[in-house]
Amino acid sequence: MLSLPKNFETFNDARKKSFMALYEAKQRGKKVVGVFCSYTPLELVYAAGAISVGLCGKSEQGIPEAEAHLPKTLCPLIKASYGMALTDQCPFFYFSDGILAETTCDGKKKMYELMSKFKPVHVMNLPQGRDQALALDAWTEEVKLAAKFLEGLFSVEITPEKLHDAIVYRNKVRRAIVDIYETAKLKPSPVSGYEISTIAESADFHFTDDDLVAKLQRTAKDLRERVRTGADGRPRVLITGCPNAGVRDKIIKTLEELGADYVCADNCAGPRTQKFMVDENSEPYRAIAERYLKINCSVMTPNTTRFDDIRELVKEYRADGVIEIVLHGCHTFAVEAFTVMNMVQNELGLPYMRLDTDFSQSDKGQIETRLGAFIEMMSAAA
Ligand code: BJ8
């Protein structure tokens, strides 16, 4: 009989619901793999007969405890992720049988060394110079090693057939999620970006046997048919930079309450990452490696294709301005922000604002003031 975490009673209702679905899946014998990054090849997890669950910290919870082990100046996403695991406050970490991780930024990869004291952790070596001659070969080998890790962890065999089925399934999920994001291409968007991002994220916490693809497709259709009164003339914003789930309420909700629409994200929570499919007709390990290596994250060097993404997304989603979110301690996005600013202001001719922040509420008032001024700037430029 599986036990519940000690602090189960203190979880809020939404978390309890999601956690209970995972708990029931575990009771049915499902295995769970915790993941932290868009570079994790989820196809392997599914081919191993397991469920993946996103473990990134999204609030201040666990940060004070994490700071006893990690530098205070580290990015809040890393500290929160580690702190939740350390203090056993994350129900999803609690039920993860193992962790599949990658060498992305320095803080994350060193944090995984500490995390491996709590759970089996396999770290894939992500080649960051992805244009180099042997990058794709090396990453293909890493994908194979990750498959071996999962086979060993769960005593299963990842057959070519299982891998192919997993590739086809994950492609379908991605297409359905992109369809939901693309609702916001309509002008005015029939639905708030806050709601779209919440729906898309819920696909990472799907632990029942319901048909996820059908559910997402139904949702996309419902969203498109919605009529949103009073949405005409609201400035449309593209958000770029670090993952924004930990600051969604502080920034995105406030932005929309102040009168703008968040229509698209050029970050891991957005069509930029989901749009790449795995080629279903090629050798599966190489096809998976190719797909994931296309992701335009600032941990890559050079990362010029990220700027092509921003150009395209600004055009497709008809953005009136760009907001860049830089989490404290995230050097790669902080450095790239200079190039993003120049491109948005000088080449695209749009207002740009950079917000340096963390998961605390201490800068809430200041952010609200800056968002208000930015909305006025976009309205004046329209
Ligand atoms: S693919 S964005 S999920 S690495 S943890 S890099 S914020 S200092 S999360 Fe990321 Fe994968 Fe890239 Fe996406 Fe900066 Fe913090 Fe590092 Fe971060």
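**Val-35 and its strand**

I started with Val-35, which lies in strand β1; strands here are DSSP runs of E with at least two residues, helices are runs of H or I with at least four residues, and both are numbered from the N terminus. This is a predicted model, so I kept in mind that local features need pLDDT of at least 70, that side-chain atom pairs count only at pLDDT 80 or more, and that totals for chains, interfaces and linings use all residues. Residues are numbered from 1 along each chain as its sequence is written, and side-chain values use heavy atoms, with hydrogens and water left out.

Is Val-35 buried or exposed? Val-35 has a relative accessible area of 8%, so I noted it as buried (buried means under 20% relative accessible area, exposed over 50%, partly exposed in between, with a 1.4 Å probe and protein chains only).

I then listed contacts, meaning heavy atoms within 4.5 Å. Leaving aside neighbours within four places in sequence, Val-35 touches several residues, including Thr-40, Leu-42, Val-53, Cys-56 and Leu-100. I also checked Phe-93, which is 58 residues away from Val-35 along the chain: the C-alpha atoms of the two are separated by 9.5 Å.

**The sheet around β1**

Next I looked at pairing, where two strands pair if DSSP finds at least two bridges between them. β1 (residues 31-35) runs parallel to β2 and is joined to it by 5 bridges. Val-35 stands opposite Gly-54 in β2, and Val-32 has Ile-51 as its bridge partner in that strand. To β3, β1 pairs in the parallel sense over 3 bridges, with Gly-34 opposite Ile-99.

What is the strand order in this open sheet of 4 strands? I read it as β2-β1-β3-β4, with parallel pairing. β2 (50-54) and β4 (121-124) are the edge strands, each pairing on one side only. Neighbouring strands are turned by 25° against each other on average, direction ignored; axes are lines fitted to C-alpha atoms, for helices over the stretch in contact, and angles run from 0 to 180 degrees between N-to-C directions.

Helix α7 (residues 135-154) packs on this sheet and touches β1, β2, β3 and β4. Its direction makes about 170° with that of β4.

I also wrote down that β1, helix α2 (residues 42-47) and β2 make a right-handed β-α-β unit. Right-handed means that, with the strands pointing away from the viewer, the path from the first strand over the helix to the second runs clockwise.

**The other sheet**

I found another open sheet of 4 strands, in the order β6-β5-β7-β8, with parallel pairing. β6 (261-266) and β8 (352-357) stand at its edges with a single partner strand each, so one side of each is left without a neighbour in the sheet. The twist averages 25° from one strand to the next.

β7 (residues 321-327) runs parallel to β8, and 6 bridges join them. Ile-325 has Leu-355 as its bridge partner in β8. Helix α14 (residues 305-316) lies across β5 (236-241), β6 and β7, and runs at about 155° to β6.

**Aromatic rings**

Last I went through the rings. Rings of Phe, Tyr and Trp (its six-membered ring) pair if their centres lie within 6.5 Å; planes under 30 degrees apart count as stacked, over 60 as edge-to-face and the rest as tilted. How many aromatic pairs does this rule give? I got 11.

Phe-19 and Phe-95 are stacked, because their ring centres are 5.4 Å apart and their planes are at 20°. Phe-19 is in helix α1 (residues 13-27) and Phe-95 in the loop between α5 (91-94) and β3 (98-102), so this pair ties together parts that are 76 residues apart in sequence. Both are buried: Phe-19 at 0% relative accessibility and Phe-95 at 5%. Ring pairs link Phe-19, Tyr-23, Tyr-94 and Phe-95 into a cluster.

I also checked two charges over rings (NZ of Lys or CZ of Arg within 6 Å of the ring centre and within 35 degrees of the ring normal). Lys-119 lies over the face of Phe-93, at 5.3 Å from the ring centre. The charged end of Arg-291 sits over the ring of Tyr-292, 4.4 Å from its centre.
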